[in-house]
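I set out to record what I looked up in this structure.

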Amino acid sequence: MTQSLSRDIPVVPGETALLYIDVQNYCCRRDGGEFSHHSEAELELACGYYFRQLEGTALPNMQRLQQVCRGAGVEVMYTVIESLTRDGRDRSLDYKITGFNVPRGSWDARVVEAIQPGEDEIVIPKTASSVFNATNIEYVLRNLGVRFLILCGVLTDQCVESAVRDACDRGFLVTLVTDACATHSTERHEFSLRAIKGYCRQRRTDELVAELANSPLA
């Protein structure tokens, strides 16, 4: 008899990791390196929506997820854009063309204070859009016994979307927390969610928190 397969499976806390994508000073702070060249007026014009969504909705939801996942025995992990060198010579070609360089050990490379990692939580630096292409994260997740991935972070339609697609292709069951992600417009956010619907299960923070609270292993 053929076993029925589905992505719509509740996470098992002991086999799950919560992964934050690029929630760091460089791109999640108004004074971060990605935005430091903008005046206040320029920043509002170019990124006003993004920061309102990030600060008002996504980050508070990330904080809730962090607290609940820690309590449920879910592995909490982070990836940040961070070069292995000070001058960024190890970056991907795309990051060199784009101009992204977050020097090793810099303030820009730190996870934002609102979701500061615990002393024994894993932070993985990357130098390309997809953490699965640029790091050994798959190896680490396999060693941790992870089958389920909960993803959130920035930007929805760039590094988060890349992680969703690549994690799915590598055999992980992915849950994307839709209101714990942010990008530069509602249209971009919604288009991305529609585009990757076939690669992941999508839940809001309230739904996932309730799921974890009701898990027999929580």
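**Basis.** I worked from a predicted model, in which local features need pLDDT of at least 70 and side-chain atom pairs count only at pLDDT 80 or more, while totals for chains, interfaces and linings use all residues. Residues are numbered from 1 along each chain as its sequence is written, and side-chain values use heavy atoms, with hydrogens and water left out.

**Sheet.** I looked up the strand order first. I found 6 strands in an open sheet, ordered β3-β2-β1-β4-β5-β6, with parallel pairing. The edge strands, each pairing on one side only, are β3 (122-126) and β6 (201-203). On average, neighbouring strands of this sheet are turned by 25 degrees against each other, direction ignored; for such angles, axes are lines fitted to C-alpha atoms, for helices over the stretch in contact, and angles run from 0 to 180 degrees between N-to-C directions. I note the terms: strands (E, at least two residues) and helices (H or I, at least four) are DSSP runs numbered from the N terminus, and two strands pair if DSSP finds at least two bridges between them.

I then followed β2 (residues 75-81), which runs parallel to β3 and is joined to it by 5 bridges. In this pairing I located Y78 opposite V123 in β3. I also recorded 5 bridges in the parallel pairing of β1 and β2, where L18 stands opposite V76 in β2. Strand β2 is largely enclosed by the rest of the structure, because 6 of its 7 residues are buried. Here buried means under 20% relative accessible area, exposed means over 50%, and partly exposed lies in between (1.4 Å probe, protein chains only).

**Cysteines.** How many disulfides does the structure hold? I found 0 disulfides, a disulfide being a pair of cysteine sulfur atoms within 2.5 Å. C181 is in no disulfide, and the nearest cysteine sulfur, that of C152, is 6.0 Å away. C181 counts as buried because its relative accessibility is 2%.

**Largest pocket.** I recorded about 180 Å³ of space in the largest pocket. Of its 16 lining residues, I81, F100, L155, Q158 and C159 are the closest to its centre. A pocket, on a 1 Å grid over the protein atoms alone, is an open set of points where a 1.4 Å probe fits, with protein on both sides within 12 Å along at least five of seven lines; lining residues have an atom within 4 Å of a point. Grid points are joined across faces, edges and corners, and the volume is the space filled by probe spheres set on the points.

Helices α3 (93-98) and α6 (156-169) each supply at least two residues of the lining. The largest share, 3 residues, comes from α3. By class, I noted 9 nonpolar, 4 polar and 3 charged lining residues.

**Exposed positions.** I placed L5 in the segment before β1 (16-21). L5 is exposed, at a relative accessible area of 75%. L5 and E42 are 37 residues apart in sequence and 49 Å apart in space, C-alpha to C-alpha.

I placed A213 in helix α8 (residues 205-213). A213 counts as exposed because its relative accessibility is 58%. A213 and T16 are 197 residues apart in sequence and 14 Å apart in space, C-alpha to C-alpha.

Definitions and conventions. Ala, Val, Leu, Ile, Met, Phe, Trp, Tyr, Cys and Pro count as nonpolar, Asp, Glu, Lys and Arg as charged, and the others, Gly among them, as polar.
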